[in-house]
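Visitor: I would like to learn how to read the sheet, the cores and the helix packing of a model such as this one. Could we go through them in turn?

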Amino acid sequence: MGPLKGIKVVDMTTVLMGPYATQMLGDYGADVIKVESLDGDVTRLIGPMRHTGMGPVFLNTNRSKRSICLDLKKPAGREAVLRLLKDADVLVYNVRPQAMARLQLGYDVVSEINPRLVYAGVFGFGQDGPYAAKPAYDDLIQGATALPALMAQTGDGVPRYVPNALVDRIVGLTAVGAICASLVHRDRSGRGQRVDIPMFETMAGFVMGDHMGGLTYEPPLDKGGYARHLSRDRRPYKTSDGYLSVIVYNDKQWENFFKATGRDDLRADPKFATFAGRAANIDVVYAELARIFEARTTAEWIDLLTRADVPVMPMHDLASILHDEHLEATGFFPVVNHPTEGPIRSMKVTATWSETEAEPVRLAPRLNEHGAEILREIGYSADEIAAMVRDGATRSAPE
């Protein structure tokens, strides 16, 4: 009984950005129908897997969905999508709008069939600029929004991408908010609308919100950049036996840190004594902290800083995070039994509600697992479904 129960979402997305958004909508209670090509979403083939087409990237971005295969270039496949959309609340797609127009599934066509539909596109660029028709991927948008340049500035001078599909996930999250806002407007006005969520503009705002700095003003006061984020010493601290994540930020935390470590000399140093002094000398501050933390073990620091109410967390790797005591206590990584894949480690829905608690309604589907079921729901007979299989507009049910 999630907060979006009763909302029908037609998901025409692939790879990560769109599927991440629609998985969230499904986790929140929506009925998400994933429309796949006859070959399926390419992420089905990424990573180690027990069975072909059920790789970990797919499993972790496509739960809470039903799968149907349709060839949209065939009239019968397009007709099936139009029938799906007739009573849908949301369509999410992540090809370029020009491709939707070629498929005769542009907003002008679809809104005539269903004026209440929220028609949501997650794609590369706003449609009123010169990049409108360009393809876009996470790496390209990271580069175009200065992230590799910032990585070079804070590291060894070599530009690198963030080792995470950061753009896809941030834009996917933005899409969820835009879709939910559009549903509120639809319920107030009675009409749906087209909503575009472009990757480039979304990430430009995301990055520059931190780093606009003096470029905010005309004329500029500096070359931009948030000094604390750009300090080369802003990193996990080396202890005598490992690493630790610590941030001593406000005046109260610094006072507690001085007391806990017996560093009255730093309390008297203007570089450390005030927020303004620390901000102006952030590299000096971080370098001194790095020297201090090498003196004790990770466990000793966690105990000392926790008692002093100084923010501290372990520095996990991909294996150790699975055994974090807090995540274990909250059951964040439950091991569940997938119908075909056996035991798999899943992840909880992170938001909680007091009245409409949400949880995954099903695990990631096999390719076309629900195809016949969905077609029957929109009025197709068994003979019509068989004809679509023979015509190549869909596939037969998986074994």
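Predicted model: local features only at pLDDT ≥ 70, side-chain atom pairs only at ≥ 80, totals over all residues.

Guide: Residues are numbered from 1 along each chain as its sequence is written, and side-chain values use heavy atoms, with hydrogens and water left out.

Visitor: In what order do the 6 strands form the open sheet?

Guide: Strands (E, at least two residues) and helices (H or I, at least four) are DSSP runs numbered from the N terminus, and two strands pair if DSSP finds at least two bridges between them. Here the open sheet has the order β3-β2-β1-β4-β5-β6 with parallel pairing, and its edge strands, β3 (65–69) and β6, each pair on one side only. β5 and β6 are joined by 6 bridges, and Gly-121 stands opposite Asp-196 in β6.

Visitor: Which strands does α8 touch where it packs on the sheet?

Guide: Contact means heavy atoms within 4.5 Å, and angles run from 0 to 180 degrees between N-to-C directions, the axes being lines fitted to C-alpha atoms, for helices over the stretch in contact. α8 touches β4, β5 and β6, and its direction makes about 165° with that of β6.

Visitor: How many residues does the largest nonpolar core have?

Guide: A nonpolar core is a set of buried Ala, Val, Leu, Ile, Met, Phe, Trp, Tyr and Cys residues joined through side-chain atoms within 4.5 Å, where buried means under 20% relative accessible area, exposed over 50% and partly exposed in between (1.4 Å probe, protein chains only). The largest one has 35 residues, with Val-9, Val-90, Val-171 and Met-203 making the most contacts inside it. Its largest share, 7 residues, comes from α8. A second, separate core of 28 residues includes Met-12, Leu-85, Val-110 and Leu-117.

Visitor: At what angle do α8 and α9 pack?

Guide: Two packed helices are described by the angle between their axes and the distance between the axes. For α8 and α9 the angle is about 95° and the axes are 10 Å apart. The two helices are therefore roughly perpendicular, given that angles under 35 degrees count as roughly parallel, over 145 as roughly antiparallel, 65 to 115 as roughly perpendicular and the rest as oblique. Among the residues making the contact are Val-167 and Val-171 of α8 and Met-203 and Phe-206 of α9.
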